Amino acid sequence: MENKNFYNEVLTWHNMYPEHKVTLSDATKSLEGVNPSCGDDIVLSLKLDGNTIVDGGFTGIGCAISQASADIMLDMIIGKSTDEALALSKSFLNMIQGEADENELELLGEAGALSDISHMPSRVKCAVLAWHTLEEMLKA
Ligand code: ZN
């Protein structure tokens, strides 16, 4: 399936060349997210200006899925408001549970590359790690 190849490429690309795997020197919020079942351990940092996420980055270690998911997430949320980021997060978590509707899938764009994870229960925690960390950070 062509679609599947495209999605694998998206994941491989974000894993090999993570654009947002950087230490933010001027972060306003940072939070560690850990997934012991796989060994994924990331620190997510955001720079907020009021309610706008003006920059973001992540550091740490983890499997390809956790790293690609964090990078894709940052791609999507930088420049958005915290409310928009939380809405994206909700859609993403719906998608991973196989419950996203068409509008949500469209909204998620590249993150749709991770939709197959819903059929791989052992990898779900890897895919949602960055998003859960984001939610925890923004709701705190
Ligand atoms: Zn993992």
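1. Helix α2, burial. The buried residues of α2 are Ile-65, Ser-66, Gln-67, Ala-68, Ser-69, Ala-70, Asp-71, Ile-72, Met-73, Leu-74, Met-76 and Ile-77. That makes 12 of the 14 residues in this helix, so α2 counts as mostly covered under the cut-off of 20% relative accessible area. The model is a predicted one, and the points below should be read accordingly.

2. Helix α2, geometry. The helix runs over residues 64–77, and at 1.5 Å a residue its 14 residues should span 20 Å. The C-alpha atoms at its ends are 20 Å apart, which agrees with that expectation. Just after α2, Gly-79 has a positive phi of about 95°.

3. Zinc site. Which residues supply the protein donors of the zinc ion? They are Cys-38 (SG), Asp-40 (OD), Asp-40 (OD), Cys-63 (SG) and Cys-126 (SG), at 2.2 to 2.6 Å from the ion. Along the chain the donors follow the spacing C-x1-D-x22-C-x62-C. The pair Cys-63 and Cys-126 links distant parts of the chain, 63 residues apart. Cys-63 sits in the loop between β3 (52–61) and α2, while Cys-126 belongs to helix α5 (residues 124–139). Both Cys-63 and Cys-126 are buried.

4. Glu-135. This residue also lies in helix α5. Glu-135 is buried and yet has no salt bridge. The nearest side chain of opposite charge is that of Lys-139, at 4.1 Å, whereas a salt bridge requires the nitrogen to be within 4 Å of a carboxyl oxygen. What the side chain of Glu-135 does have is a polar contact with the side chain of Ser-89, at 3.0 Å. Leaving aside residues up to four places away in sequence, Glu-135 touches Leu-86, Ser-89, Lys-90 and Leu-93.

5. Ala-130. Helix α5 holds this residue as well. Its relative accessible area is 1%, so Ala-130 is buried. Residues up to four places away in sequence aside, Ala-130 touches Ile-42, Leu-44, Ala-70 and Met-73. Of these, Ala-70 and Met-73 are among the buried residues of α2.

6. Ser-91. This serine is placed in helix α3 (residues 82–96). Ser-91 counts as buried because its relative accessibility is 4%. The residues that Ser-91 touches, not counting those up to four places away in sequence, are Ala-100, Glu-104, Leu-107 and Leu-108.

7. Salt bridges. How many salt bridges does a search of the whole structure find? The search finds one. A salt bridge joins Asp-26 and Lys-47, whose closest N and O atoms are 3.1 Å apart. This pair links distant parts of the chain, with 21 residues separating the two. Asp-26 is in the loop between α1 (2–16) and β1 (29–35), and Lys-47 is in strand β2 (residues 40–49).

8. Glu-135, by contrast, is buried and without a salt bridge.

Conventions:
Residues numbered from 1 in each chain as written. Predicted model: local features only at pLDDT ≥ 70, side-chain atom pairs only at ≥ 80, totals over all residues. Heavy atoms only, no water. Helix = DSSP H or I, 4+ residues; strand = E, 2+ residues; numbered from the N terminus. Expected span 1.5 Å × (residues − 1). Buried < 20%, exposed > 50% of the residue type's maximum accessible area, 1.4 Å probe, protein only. Donors = N, O, S within 2.8 Å, 3.2 Å for Na, K, Ca; no water. Lys, Arg positive; Asp, Glu negative; His and termini not counted. Polar contact = N/O pair within 3.5 Å; in protein donor to acceptor, adjacent residues only side chain to side chain. Contact = heavy atoms within 4.5 Å.
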